[in-house]
Amino acid sequence: MMAIRELKVCLLGDTGVGKSSIVCRFVQDHFDHNISPTIGASFMTKTVPCGNELHKFLIWDTAGQERFHSLAPMYYRGSAAAVIVYDITKQDSFHTLKKWVKELKEHGPENIVMAIAGNKCDLSDIREVPMKDAKEYAESIGAIVVETSAKNAVNIEELFQGISRQIPPLDPHENGNNGAIKLGKQTSQTGGN
Amino acid sequence: MADNLPSEFDVVVIGTGLPESIIAAACARSGQRVLHVDSKNYYGGNWASFSFSGLLSWIKENQQNTGISDECEDWSKLILENEEVISLSKKDKTIQHVEDFCFGDQDSAENVEEAGALLKLPAFGASDVDGVAQESEKECTPMENTLAEVESQEPEKAAGTEPAGTVEGSDPEITTENESSQSTAVGESAPETGSAPSESSAQGPKKITYAQIVREGRRFNIDLVSKLLYSRGLLIDLLIKSNVSRYAEFKNATRILAFREGKVEQVPCSRADVFNSRQLTMVEKRMLMKFLTFCLDYEQHPEEYQDYENSTFAQFLSTRKLTPSLQHFILHSIAMVSETECSTLEGLQATKKFLQCLGRYGNTPFLFPLYGQGEIPQCFCRLCAVFGGIYCLRHSVQCLVVDKESGRCKAIVDHFGQRISANYFIVEDSYLSENTCTNVCYRQISRAVLITDQSVLNTDAEQQVSILTVPSEDVGKPAVCVIELCSSTMTCMKETYLVHLTCPSTKTAREDLEPVVQKLFNLNAEKETENEELEKPRVLWAVYFNMRDSSGVEKKSYSGLPSNVYVCSGPDSALGNDCAVKQAETIFHEMFPTEEFCPPAPNPEDIIYDEDEIAPEEAGLSNSTETKPESSTEESSSGGSTAVKKEDNEE
């Protein structure tokens, strides 16, 4: 029996770079051109094997709160990893990527795994951000970096596999959540939907 | 990048405190288009929590009392002839008498800054590289320059308090000029990047210095209000019912304490506690169990108390077979009621409520949110955003626009001069102008926050969350509620405790609370004092302030508010959160009488995917864990990946 580890992953990046599309591709293997801003989804989950463990990713979307720069600190709490997304066809989005990293360093957990995704690599003929720039930057902050296409399902699995590999193995005498309580519905309200 | 804000909504909510956030979530959940704004650069208003540096900025802002008077766009041209305006307040006036004290050596902290920002601490970057196992350790230097540039491009945001979070608002450095009172040692650090600050002060593992507090400042999440959640209170019910609970985690309060005859003692309250108690005699154990058992169904035994219905609960207790220490425990630590004012029935009710909350999540009736109470409003805001609500911090509203004929509010005008229309308007009390509030009589809450070096009651277990009620020595004055948090609540750094003191104000916060602080703590950090003093926890840093209590104000006390403008109050002085939840539900139902209040949000696992079939082999997987937070039964992954597992496992 493999242990399931829940890993919170938060998505960061400018509005419109394809954060939701990446998750959508990863979780549902689906791409929608006019994806509506993620109504009703608190987070999406997908479980993947990693060594002797199963990693259950709980992937949090910004729910649009980044749009007017109003992301709440609770968004970062307890994240094992962050996927920071920019659009390879928009230099601006690569600039603000750096602000997101800074933000993450200030408010995110200390040992958070950072993964940079240069999305929309299917549009490389109108590319504005050279891969080299992204690589150099990622190295300088110790982040994983890949170019992805949520549309064509390029490197999406790889992105999350990369994250999985960077997650430190579970400390055996720490069993995860140091006694924090999650309020469940065990006491009442059986399921429903 | 500056997205344009739509100019039409169903509901505009001004203020991100707890009741406003619950209402915003409920409205979005029921399909309303919600705009939720706050003039501050952090969530929560007076319900917020701050990192240490964030709190210092907040203190400074509230001590300075300067109006913010930023130039606002002229809005007069936006107002039609048949309309009038209700101006909103430009400056939050709910915090007064802020006094902060540092009891440690501040000089050593002069050049110290909060760790965490990229520029500051090479160790941070390095450890990251380790964690990510990139081939070699890189120095941070190439980045520093880039970031410095990025920062300098945003000078306009430099002011204001830094919350524990918020995207690209102000920078985390506090730009204090070292002149005002005590708190300023943090200092504006010259860019002497990465010089590991004052190592000298880091010696002696037990003795935490002010410099360390500053450096570890982001480990603090210091709440402006101090509350606990009753495990069967309205807020817990709402969190569970709405599924907002999945955004937060909690710690149990582990101990109920009492202060009697100059000493702090643990109060046994659950059955197990009573039996295991070493301080109670066998006789006392029996007395206490008997009385508590009676309280659980006191309604069934009116003959036991009806002769005392006109007496105080304290008088009633003195007629029962209870020793003085048991009476003290029950009155102050279990019922937590006033000795002079609480009637027998109220006391019995309070005792019963306490007892009913035992055992649901632990040995005491209370839960505390990891990272502080300030998380809770943010959780509701997230639910609102998930259902399409739009969020704007640092967004002031200049005025409400009222239609003269109908008397209804039609729109707001924001600080950019944009007119935004809606059907309903929720405004937190502190946003209303003095004109609107002239007839309102506010109470005040006295608050103190201390950072200390040990617990008020040391036991084997270091990580304790304790609540202690200290009755006043002056008859008729309210008791002081003390909540002591340990570092595992993620509200303070290791080897410190965060202590919150709260009571309804009779004077300034310091006058109200300092006597209690002196009883419980050692304030002479540097000097050697008598043994007795040495046993007490040392206070490393403290702040006192008064906060307006706008709870319980009737709508009609505010002058001239249209019927479709609803007022939410700031935090009340009670320990629980029932007041905020009740207010939110009441206002929501006034607006939408037929809508359900915060029905469960769907589980992530249950959403969408009509065309994809859920891979059947996954059903078996998830049964294995017991610790699942939700009642979900299926993994949502659309298959594939999980079929592999067993083989992987072999090796």
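Select strand 7 and strand 11 (residues 366-369) of chain B: the two pair in the antiparallel sense over 2 bridges. Strands count as paired if DSSP finds at least two bridges between them. Strands here are DSSP runs of E of at least two residues, helices are runs of H or I of at least four, and both are numbered from the N terminus. Now pick B:Y230; its bridge partner in strand 11 of chain B is B:F366.

This is a predicted model, where local features need pLDDT of at least 70, side-chain atom pairs count only at pLDDT 80 or more, and totals for chains, interfaces and linings use all residues. Residues are numbered from 1 along each chain as its sequence is written, chains are lettered from A and ligands numbered from 1 in the order in which they are written, and side-chain values use heavy atoms, without hydrogens and water.

**The whole sheet**

The open sheet has 3 strands in the order 7-11-8, with antiparallel pairing. Strand 7 (229-230) and strand 8 (250-252) of chain B each have a single partner strand, so one side of each is left without a neighbour in the sheet.

**Helices 6 and 17**

Next, select helix 6 (residues 234-242) and helix 17 (residues 578-591) of chain B. They pack at an angle of about 55°, with their axes 8 Å apart. Axes are lines fitted to C-alpha atoms, for helices over the stretch in contact, and angles run from 0 to 180 degrees between N-to-C directions. The two helices of chain B are therefore oblique to each other. Under 35 degrees counts as roughly parallel, over 145 as roughly antiparallel, 65 to 115 as roughly perpendicular, and the rest as oblique.

Show side chains. B:L234, B:L235 and B:L238 of helix 6 meet B:D578, B:V581 and B:K582 of helix 17. Contact means heavy atoms within 4.5 Å. By class, this contact has 4 nonpolar, no polar and 2 charged residues. Ala, Val, Leu, Ile, Met, Phe, Trp, Tyr, Cys and Pro count as nonpolar, Asp, Glu, Lys and Arg as charged, and the others, Gly among them, as polar.

**Helices 8 and 11**

Move to helix 8 (residues 282-296) and helix 11 (residues 324-334) of chain B. Their axes come within 10 Å and cross at roughly 40°. That makes helix 8 of chain B oblique to helix 11 of chain B. In helix 8, B:E284, B:M287, B:L288, B:F291 and B:L292 meet B:S325, B:L326, B:I330 and B:I334 in helix 11. By class, the contact has 7 nonpolar, 1 polar and 1 charged residues.

**Zoom out**

Show chain B entire: 19 helices and 22 strands.
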